[in-house]
Every structure is written in C-alpha cells, then in structure tokens.
Amino acid sequence: MFQVTVLYEHPEDPARFDEHYDGVHAPLAATIPGLQRYTVTRPGPGPDGSPPPYYLVAVMEYESEAAYRAGTAAPEGRATRADLANFATAGVTVMAGPAGSVV
C-alpha cells in the first residue's frame, strides 16, 4: 500500500475553501486512476482548545507507488494538481510513502 497525505493550511475564507473542495476538488480527485481509498478530515481543536495545525487533511491510498505515479500522471491527476491553485492559496503540503499497519 502506498499512501499520500495532503495537509491544507488554514484558508482566509473557510466557507469558500469548503465549497470548492467539497464541490469540485474532492470529486475531481476521486477520479484519479488507481486510487483505492480517499478520506478527508477537518481536524478540531486540540485537548487544550488550541486550533489544529492544519485546516484539512486528505489521505489517498494506492496499491503501490507505481499506481500512484501512473494515476498522478494521468489527465485526472494533472487536473487535480492544477485545481489546487483555485482554492488552496494558503498553502498545501503533500507527503507520500509506503503505508504499513501498526496494530
């Protein structure tokens, strides 16, 4: 299993971000070839009430790194990356690597 974690910084306009992410970006990302699982979390405050470090966390899973690379090179993958400029203006961090189970 190969996992991609996308960390979105807090947007200036959360409502506009959510509208675009939920209505455009997430459906677009869901079409990437080879994508097996796609989850989204909007973290809440920490135990002390402090704001979370990221506004939204998306996790995408592929069978392998090769499947990930092929999917992101496909037109759907390229379109998904290009769409980031339309709403993720506060910044985004992408981390990718092999996923394993701990428990």
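Colleague: How much space lies in the largest pocket?

Modeller: About 230 Å³. On a 1 Å grid over the protein atoms alone, a pocket is an open set of points where a 1.4 Å probe fits, with protein on both sides within 12 Å along at least five of seven lines. Grid points join across faces, edges and corners, and the volume is the space filled by probe spheres set on them. Bear in mind that this is a predicted model: local features need pLDDT of at least 70, side-chain atom pairs count only at pLDDT 80 or more, and totals for chains, interfaces and linings use all residues. Residues are numbered from 1 along each chain as its sequence is written, and side-chain values use heavy atoms, leaving out hydrogens and water.

Colleague: Which residues of the lining lie nearest the centre of the largest pocket?

Modeller: Lining residues have an atom within 4 Å of a point. Here there are 18, with V6, M60, T80, R81 and V94 nearest the centre. The lining divides into 13 nonpolar residues, four polar and one charged. At least two residues each come from β1 (2-8), α1 (14-29), β3 (56-62), α2 (65-73) and α3 (75-83); helices (H or I, at least four residues) and strands (E, at least two) are DSSP runs, numbered from the N terminus.

Colleague: What is the order of the strands in the sheet?

Modeller: Strands of a sheet pair through backbone hydrogen bonds, either parallel or antiparallel. Two strands count as paired if DSSP finds at least two bridges between them. This open sheet of four strands runs β2-β3-β1-β4 with antiparallel pairing. Its edge strands, β2 (35-41) and β4 (92-98), each pair on one side only. From one strand to the next, the twist averages 15°. Six bridges join β2 and β3, and Y38 has M60 in β3 as its bridge partner.

Colleague: Which strands does α1 touch?

Modeller: Contact means heavy atoms within 4.5 Å. α1 packs on the sheet against β1, β2 and β3, its direction making about 170° with that of β2. α2 lies across β1, β3 and β4, at about 50° to β1. Axes are lines fitted to C-alpha atoms, for helices over the stretch in contact, and angles between N-to-C directions run from 0 to 180 degrees.

Colleague: Where is confidence lowest?

Modeller: pLDDT is the predictor's confidence in each residue, from 0 to 100. Confidence is lowest in β4, at a mean of 96, and highest in α1, at 98.

How values were computed. Nonpolar A, V, L, I, M, F, W, Y, C, P; charged D, E, K, R; others polar.
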